[in-house]
Amino acid sequence: MELHPRMQSTGLDLHTMDPATSQAPAQSLDPRPAGLPAGADPWHAACVGMPDGFLLGEVSKAANPGSEVRLLDMNETFRRQFGLEPQGPATGKPARMGQVPAWLRHCAQVAWTQESMVIDHHDPASGRQYELRAYSPAAGQFAILARDITAQRQDKSDLLERERHWLNILSGLPGMVWVARPDGTIEFISRQWLAYTGQDPTGQQGVNWSVVHPDDLEGAKAAWRNTVQTGQPWNVECRFRRHDGQYRWFSWRGTPLRDDGGNISHWFGVCSDIDELKRAQEKLKESERRYTTLFNNHTVAIAHYTIQTDANGQPVDYLVNRVNPAYERIAGMSHAAVEGKKITEIFPDIRNSAFDFIGHFGRIALGSGEGSFETVSPHPGGRWVSIYAYSPAPGECTAMFFDITERKQMEQVRRETERRLQLAVAIAHLGFWEWEVVSDKCYFSPTWKKQLGYQDHEIANLTEEWQQRLHPEDRKRVQAEVAAYLAHPSADYRLEYRLRHRDGSYRWMIANAVPLSRHSREGIKLIGTQLDITENKLAEQRVREAAQHDPLTGLPNRALIFEYAGHLVAAAQRSRKQGAVLFIDLDRFKPINDLYGHEIGDKLLQEASQRLLNCVRAEDLVGRLGGDEFVVVLPHADEEHPAATVAQHVLEALSAPFEIDALDLSVSASVGISYFPQHGTDVDTLIHAADMAMYQAKQGCHGSAQVYSKAMNARFDAATSIEARLKRALARGGLVLHYQPVIDMQTRRLTGVEALLRLSGDHGEIIGPDQFVPVAESAGLIGIVGEWVATEACRQHEAWCNQGLPPVTIAINVSALQFRQRGFARKLTDIILDSSVDPANIELEVTESTVMDSMEDAVTILNNIRAAGIRIALDDFGTGYSSLSHLSHLPLDKLKVDQSFVRRLDHDRASRAITGAIITLGRTLNLEVVGEGIESEEALDYLQQNGCNQAQGFFISRPLPAAAFAEWYRAHLH
């Protein structure tokens, strides 16, 4: 059989075809223009010049295994794809192949069937994947178009892998995630559905309505029918039956996923427990976003260019012909902004770019070549891209862009991490070491040796060099820890030890290592670091010492007192000797601290500490508990060194004047004494007993000492009883407010009331605040009690208004401890503002001593309260240490003269003078002045004559329960 004229130079002849597996016919793939005959020159030029591989062949009519196949024409791409080289061009005789490939035999069958086919072919020689499209352009002829689809197949594999990855993620999401086909067939549902219902609907067509509660069934079906008809998302709340028969409410939501034609391709949804609706919605939104991204972001960014050259044929610019949607996404520019424009118009500075886009694309297009590059994109955002470019036709270039920004960033991070690690090692002076356990080979880096004061050549790489330098106290422990580690190797190798330095001192080191698994006779190999932590150890020691000592006086603090005293008490018990604990509190220290400042107060405490040390023996312990409280522990309180004598020495030493910064200051002390083992056998009990004895001494006479007795427990038990009653009152009721009227001096009409707190006893008796407020403060209940008072006052004000009584100002008291609590102002204003009471009808009373404890903080707190519209009154004025300058800085509305002055007006000239001065001071500062504690008409008249504004006391009215006050108020309205 002769060759086709166009194949004479090729000289290829394929023969002896064997039958091949039949392939399902596909649609006609004939790309030939209508009316163009086979073999026409334009057709030949188009086919041979196309970028895909092209082959034209001929088969005899029989098409049996012995039939001969002739190749009429092929382009260079096809020849390169399948390694077909021309043979015998000089002789002109047909060359024969040893065996016709199966894929070619298969494609040649279309020559007489007149049906086209498409098959995938994997070339084992090159590892490339090709799509072969075969058709018959004329009877007895076949044509093959071969397209390299290796990259597309890889993309599809990657896409399937990502799909499996995201399906795994979807399966792990909370709630029950499902995916269904348009007809309702379940393709995917997360394992939670099976765990919840006990049913697996995968592959089931339509919705399984059996798990829906009967009461919700019709509504759910109607919603589903509407969704199917309209193609709109749906959201229905219904109850699902659990596998044990119980029902729970779920939000059942679904949404259609559409293809490019707008048709529903899938339904995707989630069933979420309504109790965690917010979290489920958020996670659903994230899963939907990821799912959408998974299926939409699967194309490659492609751009097609036409190269423009100068007179010498060199590339000087290129025209952007077309870009695909993926290009728009990666470039951040729409196709309208780039198509039909020169690249220099789009990016005027592109010639100054580090990467020569014009040159590289131009050389590929003009040389009909290809190339791969990595560079920073000129598009907005400056992202890194990997570019594969090839020339589909002379003067043209097609480029594919892959975003590799994250990879580049990771590479940069890795390089930066390596650089930082090198710097960190150099800065940290880390020594490196290696040890092969079985062979005992080791290596110590120069820095390791330098840590011990040696040069690299002065220490051999032997384990003995390390072992012999271990501190004797550490050697046994370290060897045991190493042996334990080698018995059970892990990633956590950490040792602390001391090594002898060249100068004879020992340096603390910490070694960390990781094991390398060795599948050889050498066994485990450890690679690690060694860091000198001597300074850290010394710092830790200093911190421990500082943590156990009072920073101001240097005396042992509470923690060390209890620890050391415990040892002393235990030793005294073993020796059957008596010991004692002295609890010391400085009297009149607070006024000195407030008057002269904390610096003077601190110096006084330091001097007092030294005096206490001078009163005891070296074996005794002196410590500071805090503030102005000290403890002395006497392990041997015998006849030669009685505790009473030591206490007397302490009282005398602390009563002597303190000369501090030209000031002559005086304080005294109250001392409580407890003995062990008589009063206790543990430190806590002994200090508590001495504390009670100290308070007994303070109540009796300042500057005295008291020995603990059991009678003091009775007073303690009384306080404990009140505390329990107070807690019950807060939980179940028992607190009540009584209201004492305050009247205007001129009109004698009511201007306000003071709310006074009372506690009901176990037998109905009333307990006054002087008894239970100190207990509330010591028990940490004062904040809760204060909040109850504010809430109840607001409630009662509303009740009176609802009864038709005119609004009246209610004054509430606050203790010093509550006033200093964090967030006091915010809690108080929240209570009042949350009620219906006008804040101007609430008045806060604080004592003079309360605000003087910390003037700056007090001003801030009061300003915050007053900013909410609440009035401020300074109670018990005249008993503290405030001055006119202090008073002028306080945001006040009212002064209340202390009742101790008012009650003595009729017989004490000094009280009248002080009262008159307070009234004058109040008027000067434009403040209202209230006289409280008025018990006679004479006192009322005196205060009125001296300009006092308001009056309060038993002469006007005793404190009254709420109902009784309402009656009193009605009686005095007119």
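The second largest cavity is lined by 17 residues, of which G786, E787, Q818, F824 and L828 lie nearest its centre. The elements that contribute two or more residues to this lining are α24 (782-802), β33 (809-813) and α26 (824-834), and α24 gives the most, with five residues. Here helices (H or I, at least four residues) and strands (E, at least two) are DSSP runs, numbered from the N terminus. By class, the lining comprises eight nonpolar, six polar and three charged residues; Ala, Val, Leu, Ile, Met, Phe, Trp, Tyr, Cys and Pro count as nonpolar, Asp, Glu, Lys and Arg as charged, and the others, Gly among them, as polar.

The volume of the second largest cavity is about 140 Å³, and the structure holds six cavities of 30 Å³ or more. A cavity is a set of points, on a 1 Å grid over the protein atoms alone, where a 1.4 Å probe fits but cannot get out; lining residues have an atom within 4 Å of a point. Grid points are joined across faces, edges and corners, and a volume is the space filled by probe spheres set on the points.

The model is predicted: local features need pLDDT of at least 70, side-chain atom pairs count only at pLDDT 80 or more, and totals for chains, interfaces and linings use all residues. Residues are numbered from 1 along each chain as its sequence is written, and side-chain values use heavy atoms, with hydrogens and water left out.

The chain has 33 helices and 38 strands. Of its 974 residues, 43% are buried, where buried means under 20% relative accessible area, exposed over 50%, and partly exposed in between (1.4 Å probe, protein chains only). Among contacts (heavy atoms within 4.5 Å) between residues at least 6 apart in sequence, 58% join residues at least 24 apart.

A nonpolar core is a set of buried Ala, Val, Leu, Ile, Met, Phe, Trp, Tyr and Cys residues joined through side-chain atoms within 4.5 Å. In the largest such core, which has 79 residues, Y739, W800, I810, I812, L844, I865 and F965 touch the most other members. Helix α24 gives the most to this core, with seven residues. A second, separate core of 34 residues includes V650, F658, I660 and I673.

| Residue | Residues in contact |
|---|---|
| I810 | Y739, V753, A755, A793, H797, W800, N841, I842 and E843 |
| Q548 | L555, P556, N557, L560 and E563 |
| T77 | M50, P51, D52 and G53 |

Q548 lies in the loop between α16 (534-547) and α17 (558-574) and is partly exposed, with a relative accessible area of 29%. The C-alpha atoms of Q548 and I561 are 8.5 Å apart in space, and the two residues are 13 apart in sequence. T77 lies in helix α2 (residues 76-82) and counts as buried at 13% relative accessibility.

Strands β18 (residues 431-436) and β19 pair in the antiparallel sense over four bridges; two strands pair if DSSP finds at least two bridges between them. In a regular strand the side chains alternate between the two faces of the sheet. F444 in β19 stands opposite W433. The hairpin of β18 and β19 has four residues between the strands, and D440 takes a positive phi near 65°.

How values were computed: On a 1 Å grid over the protein atoms alone, a cavity is a set of points where a 1.4 Å probe fits but cannot get out, and a pocket is an open set with protein on both sides within 12 Å along at least five of seven lines; lining residues have an atom within 4 Å of a point. Lists of a residue's contacts leave out its neighbours within four places in sequence.
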